[in-house]
Amino acid sequence: MPEWLRIRRGEIPSGEDAAQWTKCPKCGEMLYRPELAASLYVCKNCGLYFRMHAFDRVNMLIDSDFVEIGGDLVTPDPLGWVDKTSYPQKLDRDREKSSLSEGIVCGFGAIGGFPVALGVMDFNFRGGTMGTVVGERIALLFEQARARKVPCIICTASGGARMEEGMLALMQMAKTTLAARRFMNDGHFYLSVLTDPTTGGVSASFAFQADVIVAEAKANIGFAGKRVIEQTIRQKLPDNFQTAEFLLEKGAIDMVVKRPDLRATLIRLLDYAVGDPAPRPGRNGKAAAVKRESHEEAPA
Amino acid sequence: MNVIVEREKGLLQLEQRIADLRKHSADQPVDLSNEITALEEKYAEIQREIFGSMSPWQRVNMARHPKRPIGSDYIAALDQFDELHGDRHFRDDVAVIAGFAKLKGRRVLVVAQEKGRDFKDKVRRNFGSASPEGYRKVTRLVKLAGHLGLPVVTFVDTSGADPGIGSEERAQSEAIATALATFADVPVPVVATVIGEGGSGGALALALADHVIMLQHSVYSVASPEGAAAILWGDASKADEAAARLRLTSDDLREFGIIDEVIAEPIGGAHRDAQGTIASVMTAVDTAIETLKRSTVHALLDRRYAKFRRIGTL
């Protein structure tokens with residue numbers, strides 16, 4: 001396992017000199033990082049939801065071991081893509097920036113004792129765009145969830161299909177659709193959690209194919225980007241356009257959930273869908289392990 | 001401005017001159033055959049020069065050529081067609097034409113994206129960009145095809161799904177996602193042909209198919225060249241550069257294993273022999289259905305799964 005990933009997962013303590021303060025991009029409030037983590041990355045001053053790191057969200061939701069799958073898949077450069085920089089350079093930069101190997105983390109663990117397959121996308125990696133590795137990890141997640149007969153939850157955050165992988169990226173919409181359908185046709189429960197932002201080829205494929213679709217409060221969700229629409233119609237869109245609340249009003253999603261309530265909501269939904277309210281042991285029967293610091297300080 | 005239309009102008013003039021000379025030589029006792037032969041040679045040379053090796057951007061322009069055969073031309077060439085309308089909820093989106101048909105005597109369900117021919121028709125059809133209702137009509141009728149055991153034949157030609165306010169309000173994402181899910185499940189052969197522009201998710205929504213065909217000069221892309229250029233360089237006018245990078249030609253996509261078959265176009269593009277091109281497409285579609293029909297439903301769905309499952313597998 002690479003060192004950065006072990007740091008990410010809290011196996012190696014990160015440097016003491018790490019900046020402990022950050023500024024809220026909306027209200028400018030200075031926020032103490034450990035406190036921000038404890039508040040699940042919600043600004044205590046203005047209530048802004050920070051976009052969460054994939055592993056922070058995994059830790060927020062999972063209360064057991066989390067066994068990652070597909071983590072060793074390496075992103076190819078099938079088109080030999082170059083624009084201002086090369087695609088491999090962009091990937092290196094994003095790996096550095098996000099401490100992730102790709103735009104989604106997939107794996108198995110338990111939420112409220114329910115064993116689940118969980119995928120969490122991360123906007124910090126190429127805008128959460130879906131390329132071949134993201135598509136492959138999602139397909140693997142559905143396939144393995146089907147084999148294990150456990151529900152599948154995917155938290156989306158994506159600008160759509162990844163342009164740098166061209167049509168191979170677009171085809172991941174078909175691949176994830178087929179995997180989701182095969183999983184669901186076997187009678188398993190698929191729950192989609194739309195987080196900020198969820199647009200394009202991801203919203204138009206597996207994100208909107210779930211049995212139940214919940215959205216995190218205030219998240220931007222839509223098909224076309226807001227700028228594209230504004231350019232097409234040549235007028236400014238209202239502020240609430242494409243928000244989770246807007247979609248709820250239009251009937252496109254099942255519920256809007258505040259981030260601090262998300263885990264409890266998922267547990268209730270799993271309870272309805274899977275039916276067994278009794279807490280189950282973790283997949284390995286082991287106690288919870290490998291927590292990140294940020295989560296240790298977070299309220300349960 | 002369409003770069004193919006521009007380059008075609010000289011050729012068309014030359015064509016006219018040759019025709020005039022022929023007429024003239026038939027009326028007059030003068031022998032013009034040498035002049036005609038010379039002009040014809042020149043014509044062929046220019047034709048080779050223009051169409052011999054087209055750049056990706058020229059292919060995009062060919063795919064958007066105003067005279068290129070569009071969905072309704074293919075529908076008109078069917079033995080029989082009865083249109084079925086509407087999504088049963090909101091309206092009939094005429095950016096998609098769908099209905100029962102007979103193709104070489106075979107009962108099928110046809111779905112075609114329709115850009116429209118004259119300006120009024122184009123506006124009415126939203127230039128082939130379907131709204132959620134269009135995709136919901138597709139979903140409804142593909143399910144019907146599954147119910148009746150009819151093979152599904154789709155013709156893809158769109159710059160993309162409609163990005164308007166109404167489409168967002170009525171959940172464009174959900175409409176496309178559900179269309180994709182329906183094609184994933186439908187227990188009958190599905191054959192898709194990209195006849196012009198295959199614009200991103202709005203095109204894929206009709207192309208999750210057992211057999212995907214592309215006309216030689218059609219294009220199929222993750223993003224429009226203009227959109228990609230705007231994102232990459234903040235300059236939509238660099239669309240030609242973006243087109244080259246996106247690998248959107250039929251050759252590229254055949255190489256990537258994303259499409260199954262390429263149908264050659266006459267020199268100068270499909271519109272130079274629309275009926276011939278359409279006939280070759282219909283033959284290819286029919287052959288594909290014939291092959292696919294030999295599979296059991298189970299094998300068909302397994303094959304469909306495997307076909308897309310391997311794309312991008314490392």
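Angles under 35 degrees count as roughly parallel, over 145 as roughly antiparallel, 65 to 115 as roughly perpendicular, and the rest as oblique. This is a predicted model: local features need pLDDT of at least 70, side-chain atom pairs count only at pLDDT 80 or more, and totals for chains, interfaces and linings use all residues. Residues are numbered from 1 along each chain as its sequence is written, with chains lettered from A and ligands numbered from 1 in the order in which they are written.

**Stop 1: α6(A) against α14(B)**

Stay on this pair. α14 covers residues 297-309 of chain B, and its axis packs 8 Å from that of α6(A), at an angle of about 140 degrees. Axes are lines fitted to C-alpha atoms, for helices over the stretch in contact; angles run from 0 to 180 degrees between N-to-C directions. Helices (H or I, at least four residues) and strands (E, at least two) are DSSP runs, numbered from the N terminus. The crossing of α6(A) and α14(B) is left-handed, meaning the near helix is turned anticlockwise from the far one by less than a right angle (clockwise would be right-handed).

Now show the side chains. On α6(A), pick A:M171, A:A174, A:K175, A:L178 and A:R182; they meet B:Y305, B:F308 and B:R309 of α14(B). Contact here means C-beta atoms, placed from the backbone, within 7 Å. The contact of α6(A) with α14(B) has 5 nonpolar, no polar and 3 charged residues. Nonpolar covers Ala, Val, Leu, Ile, Met, Phe, Trp, Tyr, Cys and Pro; charged covers Asp, Glu, Lys and Arg; the others, Gly among them, are polar.

**Stop 2: the whole A–B contact**

The contact takes 42 residues from chain A and 41 residues from chain B. On the chain A side, α5 (132-148), α6 (166-185), α7 (200-203) and α8 (226-233) each give two or more residues. α6(A) supplies the largest share, 14 residues. By class, the chain A side divides into 24 nonpolar, 12 polar and 6 charged.

**Stop 3: chain A and A:M30**

Colour chain A by secondary structure: 11 helices and 9 strands. Of its 300 residues, 52% are buried. Buried means 20 or more other C-beta atoms within 10 Å of a residue's own, exposed 12 or fewer, partly exposed in between, with C-beta atoms placed from the backbone.

Next, find A:M30 in strand β2 (residues 30-32) of chain A. Is A:M30 buried or exposed? A:M30 counts as exposed because it has 9 C-beta neighbours inside 10 Å. Leaving aside residues up to four places away in sequence, A:M30 touches A:W21 and A:K23.

**Stop 4: the two domains of chain B**

Move to chain B. Its domain assignment, automatic or from a database, gives domain 1 (3-52) and domain 2 (60-309). Their C-alpha centres lie 36 Å apart. The contact takes 5 residues from domain 1 and 7 residues from domain 2. On the domain 1 side, α1(B) gives the most, with 3 residues.

**Stop 5: α1(B) and α2(B)**

Finish on α1 (residues 3-27) and α2 (residues 33-51) of chain B, whose axes come within 10 Å and cross at roughly 160 degrees. That makes α1(B) roughly antiparallel to α2(B). This crossing is left-handed too. Residues of α1(B) in the contact include B:L11, B:L14, B:I18 and B:L21; those of α2(B) include B:I36, B:L39, B:Y43 and B:I46. By class, the contact of α1(B) with α2(B) has 9 nonpolar, 4 polar and 7 charged residues.

How values were computed:
Contact = placed C-beta atoms within 7 Å.
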